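The sequence and the model come first, and the text follows.

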Amino acid sequence: MSRVSVQKLSVLPAVRSLARTDARFHFIFADPPYESPELPELLALLKDSALLAPTGLLICERAKRDAKALTDAAQRLGFPIYDERHYGDSALVFLAPAPAQRLRALFSEATPSLGLTSPKAPLPT
């Protein structure tokens, strides 16, 4: 049985379609075109669905100049920000529904080489 499914859809219809299934993901990487207006709606869809596992991590790539708009949208939606990293003109924002302590434990056990065991700012638990 295959655990892979390829869907040729834009991100919002794909998330809506997957939300109607029992699919769960531990990692979701969103890399929409910079300045795309879809990211806040994507966050809302993911927050309202069960697609992201409770201990999952949503990684969003944005232009560094747009990262604040993303973090503001995440905070409005109650989507905890685990970490934010800047690389040149790009920013990666890590969002996680699980309490920070649980994620730290998961990452320190499974992926210490990622360097994500200590978020830049403590999260509410």
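Which residues does Arg62 touch, not counting residues up to four places away in sequence? Arg62 touches Pro32, Pro33, Tyr34, Glu35, Ser36, Leu39, Leu70, Asp89, Ser90 and Ala91, where contact means heavy atoms within 4.5 Å.

The model is predicted: local features need pLDDT of at least 70, side-chain atom pairs count only at pLDDT 80 or more, and totals for chains, interfaces and linings use all residues. Residues are numbered from 1 along each chain as its sequence is written, and side-chain values use heavy atoms, with hydrogens and water left out.

**Arg62**

Arg62 lies in strand 2 (residues 52-63); helices (H or I, at least four residues) and strands (E, at least two) are DSSP runs, numbered from the N terminus. Arg62 is buried but forms no salt bridge. Buried means under 20% relative accessible area, exposed over 50%, and partly exposed in between (1.4 Å probe, protein chains only). A salt bridge is a side-chain nitrogen of Lys or Arg within 4 Å of a carboxyl oxygen of Asp or Glu. For Arg62, the nearest side chain of opposite charge is Asp66, 4.3 Å away. Lys and Arg count as positive and Asp and Glu as negative, while His and the chain ends are not counted.

**Salt bridges**

The whole structure holds 3 salt bridges, listed here.

| Pair | N to O distance |
|---|---|
| Glu41 and Arg16 | 2.5 Å |
| Lys68 and Asp72 | 3.1 Å |
| Arg85 and Asp83 | 2.8 Å |

The salt bridge between Glu41 and Arg16 links distant parts of the chain, with Glu41 in helix 2 and Arg16 in helix 1 (residues 11-19), 25 residues apart. Glu41 is partly exposed at 37% relative accessibility, and Arg16 is partly exposed at 36%. Lys68 and Asp72 are 4 residues apart in helix 3, so about one helical turn separates them. Lys68 is exposed, with a relative accessible area of 56%, whereas Asp72 is partly exposed at 27%. Both Arg85 and Asp83 are buried.

**Helix 3**

In helix 3 (residues 67-77), the buried residues are Ala67, Leu70, Thr71, Ala73 and Ala74. They sit on the same side of helix 3 because they cover an arc of only 160° around the axis, taken from the directions from the helix axis to the C-beta atoms. These buried residues pack against helix 2 (39-48), strand 2, strand 3 (81-87) and strand 4 (90-95). The face turned away from the buried side carries the exposed residues Lys68, Ala69, Gln75 and Arg76. After helix 3 comes Gly78, with a positive phi near 75°.
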